Number of protein chains: 2
Amino acid sequence: MTTLFQIKYPIIQAGMVWCSGWRLASAVSNAGGLGVIGAGSMYPEVLKEHIQKCKQATAHPFAVNVPLLYPNVGEIMQIIVEEGVKIVFTSAGNPASWTGFLKEKGIIVVHVIANTKFALKAEACGVDAIVAEGFEAGGHNGREETTTLCLIPMVVKAVTIPVIAAGGVGSGAAMLAAFALGAEAVQIGSAFAIADESSAHPNFKSEILAAREGDTKLRMKKLVPVRLLKNSFAEAVAQAEAEGADAEKLQQLLGRARAKLGMFEGNMEEGELEIGQVSAMLKEIKPAAEILQSIWQEFLTEKERINRLDFRLI
Amino acid sequence: MTTLFQIKYPIIQAGMVWCSGWRLASAVSNAGGLGVIGAGSMYPEVLKEHIQKCKQATAHPFAVNVPLLYPNVGEIMQIIVEEGVKIVFTSAGNPASWTGFLKEKGIIVVHVIANTKFALKAEACGVDAIVAEGFEAGGHNGREETTTLCLIPMVVKAVTIPVIAAGGVGSGAAMLAAFALGAEAVQIGSAFAIADESSAHPNFKSEILAAREGDTKLRMKKLVPVRLLKNSFAEAVAQAEAEGADAEKLQQLLGRARAKLGMFEGNMEEGELEIGQVSAMLKEIKPAAEILQSIWQEFLTEKERINRLDFRLI
């Protein structure tokens, strides 16, 4: 993966709405990982500005994540081509729709999936690699609820292209576990969402640090499943779901722009707070480069520990 | 763990209702792992017979798993002491209730938990080791929904006693991942539920082999969360839950003896079928010894592969 992306470490920062603009992406790329701008929360003109600033801020490769079901995808893809972006991660949609277009322009394409069926489909569409994302991941999530531990070996077995593990990877130990399962790189969201360079609101970063086990739950399963951090809004959703609310009711409850309200504007009660289960392990806001190095060093240390494991069979 | 239990391989077969009687437990112990009789589905007299037959069938250590919330726990503990069982796994209840009693008799005690709070509590009660079980596990499950990948590092960090990883471990690769996360042994359920020696009904074993991604879901969250394989009963539960059924309604739907009806008597429509997410990976019914060896050999092979991983930093 490091050869494909021309990066130093097989660590990819997840494209996240309201967290990963040019500051975070360029910081991760400058630190030797792959920074990813999350286009999901950006109007086309805003994305263009982020790409231009990212190019100025780093000479290293970076990528753009494009949720395919969002409006303006055509316009976004045009900007990506015009601005010379070399790597695109597509998610939340059909890989058949844009993979051909991007590959024709010489762009490396990675597609995000949560089951082997879509992994095979993405491979057939000609993508260069796959992100396989498990149940523990923050934000939007697969309906199968398959965890990273179960998903990665199945996807690795199903496809011949490289697999990047996502969901639950917030430490070097978890990164090593992903490699043990056959992944060739990891995509890390939550741990980078609290980086200094993340555009998440300081209130949201504080809430992530305060999160404990069980504080995130997969909600909105009748719409699109999404992992939310506990707050007034998430509790209202949980209550409505427990009472049998249908998709329409949930959509009403969700309304518009709640992710922005919470993650970007800092309303911790009424905003939608998307974060993964690893939030329960995160304890400190640091520069992205330090986060990356601490994960990498722990990965190497744990790899050495595993190398030395010796079983005296009795 | 192998020293503590006096076994050859750090592989423990999970005590499972209706699957793990003396045949499976003795087969696993004879193969060098730790076999566990699941007392949860046994009347005291039945358990006594299973322990006696297990002692005849193997000279190696085996254990009994006792769900502490079940009736007759006192009687069961008395039988365990009288029959000289050397290792007890306690689950589904307060470790304070029986750990002292068992330790006084010189019995090794392991407690099953799904969060760090209970891990710390079990440690304080004096247990010898902990099984930390993630969301992907079959059967009864924690309310936090923390996956094995997220749970193990947190528990390992919280306690000083050894941690056994459970949930999602059905292959040597997953076993290595568990070790990467800091576990010192694994507890494997689903992969042994389909062993030749498992007392699961052949119909149930066939359904496990046929299971695909997304076919198990955590249900009954308003009672005690339990991971169920898709069938008419599970669909009825899903439907009731989607419509907002309360605990009482769910209890009515569940009725009595549904796990026996499905897992032991083979009613694939109306029975309760408890199995983990790894069921989607299982393809073959084999003797327990072959299952154990294939997991162990894959563990060693994957460990070698990880040892050889070399990152050319560019």
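## Confidence

Chain A comes out with an average pLDDT of 97, and 99% of its residues score at least 70. Keep in mind that this is a predicted model. For the complex, the predictor gives an ipTM of 0.97 along with a pTM of 0.97.

One caution on reading such models: where pLDDT is low, the predicted coordinates should not be read in detail.

## The sheet in chain A

Chain A has an open sheet of eight strands, paired in parallel, and the order across it runs E1-E9-E8-E6-E5-E4-E3-E2. What sits at the edges? Strand E1 (11-13) and strand E2 (35-38) of chain A do, each pairing on one side only. Ignoring direction, neighbouring strands of this sheet are turned against each other by 25 degrees on average.

For a look at one pairing, take strand E8 (residues 163-166) and strand E9 (residues 185-188) of chain A, which run parallel and share three bridges. Ile164(A) has Ala185(A) in E9(A) as its bridge partner. Helix H2 (residues 22-30) of chain A packs on the sheet, where it touches E1, E2 and strand E3 (62-67) of chain A. The direction of H2 makes about 165 degrees with that of E2(A).

## Where the chains meet

Chain A and chain B each put 45 residues into the contact. On the chain B side, helix H7 (148-158), helix H8 (172-180) and helix H14 (288-308) each supply at least two residues. H8(B) gives the largest share of that side, with six residues.

What does the side of chain B that touches chain A consist of, by residue class? It splits into 20 nonpolar, 15 polar and ten charged residues.

## The H8 pair

Two packed helices are described by the angle between their axes and the distance between the axes. Here, helix H8 (residues 172-180) of chain A packs with H8(B) at about 165 degrees, and their axes are 8 Å apart. Angles over 145 degrees count as roughly antiparallel, so H8(A) is roughly antiparallel to H8(B). The crossing of H8(A) and H8(B) is right-handed.

Which residues meet across this pair? From H8(A) come Ala173(A), Leu176(A), Ala177(A) and Ala180(A), and from H8(B) come Ala173(B), Leu176(B), Ala177(B) and Ala180(B). By class, the contact of H8(A) with H8(B) has eight nonpolar residues, no polar ones and no charged ones.

Key
Residues numbered from 1 in each chain as written. Chains lettered and ligands numbered in written order. Predicted model: local features only at pLDDT ≥ 70, side-chain atom pairs only at ≥ 80, totals over all residues. Pairing = 2+ DSSP bridges. Helix = DSSP H or I, 4+ residues; strand = E, 2+ residues; numbered from the N terminus. Axes fitted to C-alpha atoms, helices over the stretch in contact; angles between N-to-C directions. Contact = placed C-beta atoms within 7 Å. pLDDT = per-residue confidence, 0-100. Nonpolar A, V, L, I, M, F, W, Y, C, P; charged D, E, K, R; others polar. Parallel < 35°, antiparallel > 145°, perpendicular 65-115°, else oblique. Left-handed = near helix turned anticlockwise from the far one by under 90°.
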